[in-house]
Amino acid sequence: MSAPENIDSLRLQQALASCSQSIANGDFKQSQESISELVHFLDSLSDFISSGTNDEKGAENSAFEVLSEIYHYLISPSLDQAITDALAFELPKAVAKFACVSTRCFENAERIINHFVEVCSPRDMVSILCEAMTSPSDGFSNSFYFTPLLGALAKVFEALKRRPFEQVKASLPVVLKVLEAILSDPEEDEDMDLINKAILIAHSLNTICIKLALISNSVGSETSRWSPIMLQLSHFLHYCGFTYLGLITGHEVGMAVDLISQGDEDDYMRCFSYVKCGAAITVLWRDLSNEASKEDLEAAVKVKVKLCSNQIERWEAVGILKHVYASSNLPWALKRHAIDFLFCIMEAIDSHSHKDLEEPLDYSVYMPSLYAALQAIQKVIVYASDPPLRKKAFDTFKMVLADIPASLRFDILMALIKNSDLSSMIAILLGCVKEEMYKEYPKKVSGQNIDAKEENKAVQSTLSFWTGGVLDCVEFVLKPPKGGPPSLPEFTDAVLSALNLYRFILITESSGKTNYTEVLLKNKLQKVYREWLEPLRSLVSGVSAGDDDGQLAIALNPLEFVLYRCIELVEDNLKHTTT
């Protein structure tokens, strides 16, 4: 042992002796001062090592010897329990800082913390460990510091005898915040021990895998590397009674969260924001893994078949998957698989699945979740760098939309349009409206030789898209709520799509001698001409006139062509309209 190591050892022995003496004498004030001096000594040593000393080997030896001496001091049969209890409040945090020095220092720090767990009050140790994880010192917020603390917490949970439920509820937010902070910036294999300790906590709780989404944040394309852990968690969930169908629909997840979170404030509930995303990822990982057993694969197929045949459970699954699509942290490889998963289900929908719902059902209950899911899929359509993925996401978007009753489909599309600030997305959504109108119109006009007004009145009561509301969609783009004409060239795509939709409505209604949307009313035509088309014509002319190199004029040519065609149609209909 070198001279510095002897000095450190001597200082440690003196500090430990002072703690023992003051506690044995019942001198509370002196005992607190002695423990503070001991912690200060340990902090100074850990700070010195972390600062990057030139003598790394000597520093590591010193740290190892100090931790070894503390451990042997604590396990001495002659040590009074009161001394151990007093040291337990401060030493776990202090020794955890040495875990990053070396492997053997990590093992010694873990031994010391686990010893406190074995001999001290479990209830006290829950608070002590959570406090250590809640307020780590600067420079020690890494996986090496947290790993022995998480492992000890898993052991404590198993040792709780009285009112364990309350202790677990208070600790979960701390655990999740640690996992979120560390796994949001993963350090490859350094985090594997941390995740294994988190799994130990899951096993000790017999509860759900809230941290699945956090683990998946760092997956990237290395699915094979993480598969064993994910499969282990999936098996654990199955052991706890969770099924693939219950996870992907959220039924069992909702019940578990309600059970755990009842009576808690919003700050606590924030920690459960990962639960539904984790449930979806569990099912996706099982479906994605090459290591899944035959039984697991068969179970996954049964889930897909069930979702294809049951509309309500299908909508619930869409509501769970939206958490994957909307996440800004999850890798695109996982989002691609989530799109493939939903596409496969929607493509194979049983045409009789709606017939299972013979009893009256309030569909509106499910609309907020479906609306949010469609918004989330939009993010994949817009931000995915892979064209095939964007196309498949759009196809999935349209199939989910088509699965919604027509009476509610228009309202959802209208809401999506009004809450989008992307010109290209608004153009796509208006295209969906036009497609829906095209499909609906021929079905509703019979052409029978009966009174035209009576036929129109009978048909109009069954229409969802051929209503006056569709003109509100067009007006939203051509005459924005904030006033003035739309911004060009930024909103060229949206404006062109809105003009095409208006032209389609106007031509269809006039040629079909119908007026479901009231587009042919004289006051409506006058309003369109005066408030939509004329201001837009002036704007286009002004933008083109200020275009020095002619590039903008070329870009606006398609829009200008459709604009002037709409003006011609409005003028022509005004000549033949009397009401």
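This tour moves through a predicted model, naming what to select at each stop and what is found there.

Residues are numbered from 1 along each chain as its sequence is written, and side-chain values use heavy atoms, with hydrogens and water left out. Because the model is predicted, local features need pLDDT of at least 70 and side-chain atom pairs count only at pLDDT 80 or more, while totals for chains, interfaces and linings use all residues.

**The whole chain**

Begin with the protein chain in cartoon view, which shows 28 helices and zero strands. Both kinds of element are DSSP runs numbered from the N terminus, helices being H or I of at least four residues and strands E of at least two. Of the 579 residues, 50% count as buried. Here buried means under 20% relative accessible area, exposed means over 50%, and partly exposed lies in between, with a 1.4 Å probe and protein chains only. Among contacts with a separation of 6 or more, residues 24 or more positions apart account for 76%; a contact means heavy atoms within 4.5 Å.

Select residues 143-159, helix H8. Its 17 residues reach 24 Å from first C-alpha to last, close to the 24 Å expected at 1.5 Å a residue; the expected span is 1.5 Å times one less than the number of residues. H8 is mostly covered, with 13 of its 17 residues buried.

Next select Val175, in helix H9 (residues 164-183). Val175 counts as buried, at 4% relative accessibility. Its C-alpha atom is separated by 9.7 Å from that of Phe146, 29 residues apart along the chain.

**His251**

Move to His251 in helix H14 (residues 251-261). This residue is partly exposed, with a relative accessible area of 35%. Display its neighbours: leaving aside residues up to four places away in sequence, His251 touches Gly246, Glu313 and Glu316. Ala317 is 66 residues apart from His251 in sequence, and the two are 9.7 Å apart, C-alpha to C-alpha.

**Helix H18 and its neighbours**

Select H18 (residues 311-326) together with helix H20 (residues 367-383). The two pack at an angle of about 40 degrees, with their axes 8 Å apart. Axes are lines fitted to C-alpha atoms, for helices over the stretch in contact, and angles run from 0 to 180 degrees between N-to-C directions. H18 passes H20 in a left-handed crossing, a term for a near helix turned anticlockwise from the far one by less than a right angle. On the H18 side, the contact is made by Trp315, Val318, Gly319, Lys322, Tyr325 and Ala326. The H20 side includes Met367, Leu370, Ala373, Ile377 and Val380. The contact residues divide into 11 nonpolar, two polar and two charged.

Stay on H18 and select Val324. Val324 is buried, with a relative accessible area of 0%. Apart from residues up to four places away in sequence, Val324 touches Cys277, Ala280, Ile281, Leu284, Leu330, Leu334, Lys335 and Ala338. Lys276, 48 residues apart from Val324 in sequence, is 9.0 Å from it, C-alpha to C-alpha.

Continue to helix H19 (residues 332-347), whose 16 residues should span 22 Å at 1.5 Å a residue; the end C-alpha atoms are 22 Å apart, which agrees. Buried residues of H19 include Leu334, Lys335, His337, Ala338 and Phe341.

**The nonpolar cores**

Select Leu499 and Tyr502, which touch the most other members of the largest nonpolar core, a set of 99 residues. Such a core is a set of buried Ala, Val, Leu, Ile, Met, Phe, Trp, Tyr and Cys residues joined through side-chain atoms within 4.5 Å. Leu499 touches Leu478, Leu533, Leu536, Leu559, Val562, Leu563 and Cys566, not counting residues up to four places away in sequence. Apart from this core lies another, of 59 residues, among them Leu38, Cys130, Val156 and Phe157.

**Backbone exceptions**

Most residues other than glycine have a negative phi, and most peptide bonds are trans. Select Leu488 and Pro489, joined by a cis peptide bond with omega about 10 degrees. Pro489 is in the loop between helix H25 (469-478) and helix H26 (492-512).

Finish in the loop between H26 and helix H27 (522-545), where Lys513 is found. Lys513 has a positive phi near 55 degrees and is exposed, with a relative accessible area of 71%. Glu518 is found in the loop between H26 and H27; its phi is near 65 degrees, also positive. Glu518 counts as partly exposed, at 37% relative accessibility.

How values were computed. Ala, Val, Leu, Ile, Met, Phe, Trp, Tyr, Cys and Pro count as nonpolar, Asp, Glu, Lys and Arg as charged, and the others, Gly among them, as polar.
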